[in-house]
Amino acid sequence: MIGGLAGNPAAHDALLRALLPILRAFYRRRMHGREEDIEDLVQETLIAVHQRRATYDPDRPFTGWLFAIARYKMIDGFRRQGRFVAIGDFDDMLVEDSHEEASNAQADVARLLAALPDKQADAIRATRLEGLSTHEAARRLALGESDVKVSVHRGLKALAARVRDTWK
Amino acid sequence: MEMNSEDLIATLAQDVRPLRRHALARRLLAGLLAGGVATALIVGCALGFRPDLWLAMHGSPFWVKWIYTASLALCATRATASLARPDTPRMGWMWIMVVPVLGLVAISMAELAEAPPAQWLAMWLGGSWKVCSSLVLLLSLPIFGGLLWSFRRLAPTRLRLAGATAGLSAGAWGATLYCLHCPEVSAIFVLTWYSLGIALASLLGAALGPRLLRW
């Protein structure tokens, strides 16, 4: 996205292509509609992402921005078709579902880890995200076991402090 | 003919002009400025700047008016910028706009307390109460138009609220420019008739928002 904002066509192309499956999954999960309708919405969202990319704030999560556009396009689509949606379904649409939360969380974790020194980030990734044991992680990272433990400990502490700061 | 999504992406990716930093703010500012220039021209050419403008700028009533309208305008513009993004952050801070209003209420009360009651009506109605609010509304229109142009590349998702803040912003900036013409001095006049004009502009924006800001 950042590359696309700077006017790099290849980065922009890659971004839009990467969004295709995400958006298709987003609309399929909510619409139970015909494939053409879903593809129309996906395309409209891509056009909006392209034309209105100035509204993305690089300091905020990209997925929040993307799904806000996708949700708006879906509701606008219903409005245009004059289709009525049962209130229950509508609530589901407005609520961020687990898939969306998971992508948001993934993006957040990646962003947080990027702010740590490489050694700490690698140690956390290996032990906490991939679920390796300290022994396995130490072998993969070519570090001593105590070094891995200390890195994980320091890294998590730094992350906790960072998260606390942003919540204040 | 339906285009398939891969072709669409290829077409879109060919047209990526680099965005400058703060592209959203620039876009809004451009719309505001274009509308503001048009409004300033109307004030200057059709209504005329008040002849004692220079003198008035040395007195406090002028600045009370200006600070009131400009602070509302700044808050409303800030809110409009937030609502121009699809993932709008919380808007609770907008309540800070009651501060200038309450401030002007306090100044009005103080002025009335000092004046003999026989003058109260004259202070409230001034010489132009019949036209003041409609002129503020009229002067807001070019600015509102400029903001509508800005929004063509922006992505509001709460259209009524975005329309309302755009209208509020246009109304308050319009009123700020109207100060260059209007010779009224009492705070209670500004509190009533300026605020009424600004509120009308905001209502108009809220009414038109869902229709004009759709994308």
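**Exercise 1. Find which residues B:Val136 is in contact with, leaving aside its neighbours within four places in sequence.**

Solution. Begin with the rule for a contact, which is that the C-beta atoms of two residues, placed from the backbone, lie within 7 Å. With the neighbours within four places in sequence left aside, B:Val136 is in contact with B:Gly171, B:Gly174, B:Ala175, B:Tyr178, B:Tyr194, B:Gly197 and B:Ile198. The structure is a predicted model, in which local features need pLDDT of at least 70 and side-chain atom pairs count only at pLDDT 80 or more, while totals for chains, interfaces and linings use all residues. Residues are numbered from 1 along each chain as its sequence is written, and chains are lettered from A and ligands numbered from 1 in the order in which they are written.

**Exercise 2. Describe the largest nonpolar core and name the residues with the most contacts inside it.**

Solution. A nonpolar core is a set of buried Ala, Val, Leu, Ile, Met, Phe, Trp, Tyr and Cys residues joined through C-beta atoms within 7 Å. A residue is buried if 20 or more other C-beta atoms lie within 10 Å of its own, exposed if 12 or fewer, and partly exposed in between, with the C-beta atoms placed from the backbone. The largest core has 77 residues, and those with the most contacts inside it are A:Leu46, A:Ile69, B:Ala84, B:Val136, B:Ala172, B:Tyr178 and B:Ile198. Helix α8 (residues 159-178) of chain B gives the most to this core, with twelve residues; helices here are DSSP runs (H or I, at least four residues), as strands are (E, at least two), and both are numbered from the N terminus.

**Exercise 3. Decide whether B:Cys45 is buried or exposed.**

Solution. First place the residue: B:Cys45 lies in helix α2 of chain B. Then count, and because there are 9 C-beta neighbours inside 10 Å, B:Cys45 is exposed.

**Exercise 4. Describe how α2(A) and α3(A) cross and which residues meet.**

Solution. Two packed helices are described by the angle between their axes and the distance between the axes. The axes are lines fitted to C-alpha atoms, for helices over the stretch in contact, and angles run from 0 to 180 degrees between N-to-C directions. For helix α2 (residues 9-31) of chain A and helix α3 (residues 35-51) of chain A, the axes come within 9 Å and cross at roughly 135°. Angles under 35 degrees count as roughly parallel, over 145 as roughly antiparallel, 65 to 115 as roughly perpendicular and the rest as oblique, and α2(A) and α3(A) are therefore oblique to each other. Among the residues that meet are A:Leu16, A:Leu19 and A:Tyr27 in α2(A), and A:Ile38, A:Leu41 and A:Leu46 in α3(A). By class, this contact has eleven nonpolar, one polar and three charged residues, where Ala, Val, Leu, Ile, Met, Phe, Trp, Tyr, Cys and Pro count as nonpolar, Asp, Glu, Lys and Arg as charged, and the others, Gly among them, as polar.

**Exercise 5. Describe the side of chain B that touches chain A.**

Solution. Start with the totals: 23 residues of chain B are in contact with 30 residues of chain A. The elements that give two or more residues to this side of chain B are α1 (5-14) and α2 (23-47) of chain B, and α1(B) gives the most, with six residues. By class, the side has 14 nonpolar, three polar and six charged residues.
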